[in-house]
Amino acid sequence: RLVYLSREEVLRFLDEIARERLPAREIGFTGGEPFMNPDIISMLADALTRGHSALVLTNAMQPMQRPRVRAGLLELHGAHGDRLTIRVSLDHYGKTLHEEERGAGTYDRTIEGIDWLAANGFKLALAGRTYWGESEGSLREGYGRLARKRGWPIDANDPTQLVLFPEMDERADVPEITQDCWGL
C-alpha cells in the first residue's frame, strides 16, 4: 500500500536535527511525486519556518497544479522566498523525447506547471536526462533556448539550475548503496 511520510514524522526529524545540532541546511522532498502527499505544504512550512531551505523534486503536473497546493505554495513563497526551490523533472527539452519517457500529454502539462512557477517568481531548477546520446553541451543549449523562449529564470549552464542525470549502464558493475554512503 502507498504510505506517505507524515507531518509528525518530519517534525521528529526536524527536532532531531535541532537537538543534535546537525549541520543540515537544506531539506529535500521527493517521491514519487511529493505533491501527492496531503501534508506536503505543512511539511515544507515546518522545514522553512525552522530556518532550513527546502528543495522539492516534482513533475509539476496535476498534483502541484491543484488549487489548494498552488495557494499553499504561493503562501510559502511569500513568506520564505528563495529558500524554497522547486526542481522540475523535464526529461528532455523537446516534447517528443520527453514524452518517450513520461508518456503522451506529459510535456505540455509539465511546461504549464513550470510556466506557473516562473510567472509567480519561484526559485526554479530543472532536472533532465542524458539518455539519448546527445552531448551535454547540446542539451544545455536546448534547455537554454527553451528557458529563454518561455521566460524561465533558468541558466542552463549552471549545473545547480539544470541537473543532467546520466543513465545507468546496466552492464556496469557498481558498488552497492549502503548507509556508509551518507558519510562520503
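**Group meeting: a walk through the sheet and its helices**

Let's start with strand β1, residues 26–29. Its covered face carries Ile27 and Phe29. Its uncovered face carries Glu26 and Gly28. Before going on, one caution: this is a predicted model.

Who pairs with β1? Strand β2, residues 53–58, does, through 4 bridges. The two strands run parallel. Glu26 stands opposite Ser53 in β2. Ile27 has Ala54 as its bridge partner.

Now the whole sheet. There are 5 strands, and the sheet is open. Read across, the order is β1-β2-β3-β4-β5, with parallel pairing. Which strands stand at the edges? β1 and β5, residues 162–165, do. Each has a single partner strand, so one side of each has no neighbour in the sheet. From one strand to the next, the twist averages 20°.

Helix α2, residues 40–49, sits between them in the chain path, and β1, α2 and β2 make a right-handed β-α-β unit. α2 lies across β1, β2 and β3, with β3 being residues 84–89. Relative to β1, α2 runs at about 170°.

Look at the loop between β1 and α2. Gly32 lies there. The peptide bond from Gly31 to Gly32 is cis, with omega near 20°. Please find that one on the screen.

Back to Phe29, on the covered face of β1. What does Phe29 contact, beyond its neighbours within four places in sequence? The list is Pro34, Ile40, Met43, Leu44, Ala47, Ala54, Leu55, Val56 and Leu57. Of these, Ile40, Met43, Leu44 and Ala47 fall within the α2 range of 40–49. Ala54, Leu55, Val56 and Leu57 fall within the β2 range of 53–58.

Phe29 also features in the largest nonpolar core, which has 42 residues. The residues with the most contacts inside that core are Phe29, Leu73, Leu84, Ile86, Tyr143 and Trp152. As a general rule, in soluble globular proteins, nonpolar side chains tend to be buried together.

Helix α7 covers residues 136–150, so to speak of its length: 15 residues, reaching 21 Å from first C-alpha to last. That is close to the 21 Å expected at 1.5 Å a residue. Which residues of α7 are buried? Leu139, Arg140, Gly142, Tyr143, Gly144, Leu146 and Ala147 are. In general, an α-helix has 3.6 residues a turn, so residues three or four places apart point the same way. The buried residues of α7 pack against α6 (106–119), β4 (123–129) and β5. After α7 comes Gly151, with a positive phi near 75°.

β4 and β5 pair in the parallel sense over 4 bridges. Arg129 has Phe165 in β5 as its bridge partner. The chain crosses from β4 through α7 to β5, and that β-α-β crossover is right-handed.

Stay in this region for Gly121. It lies in the loop between α6 and β4. Gly121 is partly exposed, with a relative accessible area of 40%. Setting aside neighbours within four places in sequence, Gly121 is in contact with His77 and Asp82. Trp152 is 31 residues from Gly121 along the chain, and their C-alpha atoms are separated by 9.3 Å.

Two residues other than glycine have a positive phi worth a look. Arg21 has a phi near 50°. Arg21 sits in the loop between α1 (7–19) and β1. Ala60 has a phi of about 60°. Ala60 is found in the loop between β2 and α3 (62–65). Buried or exposed? Arg21 is exposed, at 76% relative accessibility. Ala60 is buried, at 0%.

Thr110 is buried, at 1% relative accessibility. What does Thr110 contact, leaving aside neighbours within four places in sequence? Asn59, Ala60, Met61, Val88, Ser89, Leu90 and His98.

Notes. Residues are numbered from 1 along each chain as its sequence is written. This is a predicted model: local features need pLDDT of at least 70, side-chain atom pairs count only at pLDDT 80 or more; totals for chains, interfaces and linings use all residues. Side-chain values use heavy atoms; hydrogens and water are left out. Buried means under 20% relative accessible area, exposed over 50%, partly exposed in between (1.4 Å probe, protein chains only). Two strands pair if DSSP finds at least two bridges between them. A crossover is right-handed if, with the strands pointing away from the viewer, the path from the first strand over the helix to the second runs clockwise. Axes are lines fitted to C-alpha atoms, for helices over the stretch in contact, and angles run from 0 to 180 degrees between N-to-C directions. Contact means heavy atoms within 4.5 Å. The expected span of a helix is 1.5 Å times one less than its number of residues. A nonpolar core is a set of buried Ala, Val, Leu, Ile, Met, Phe, Trp, Tyr and Cys residues joined through side-chain atoms within 4.5 Å.
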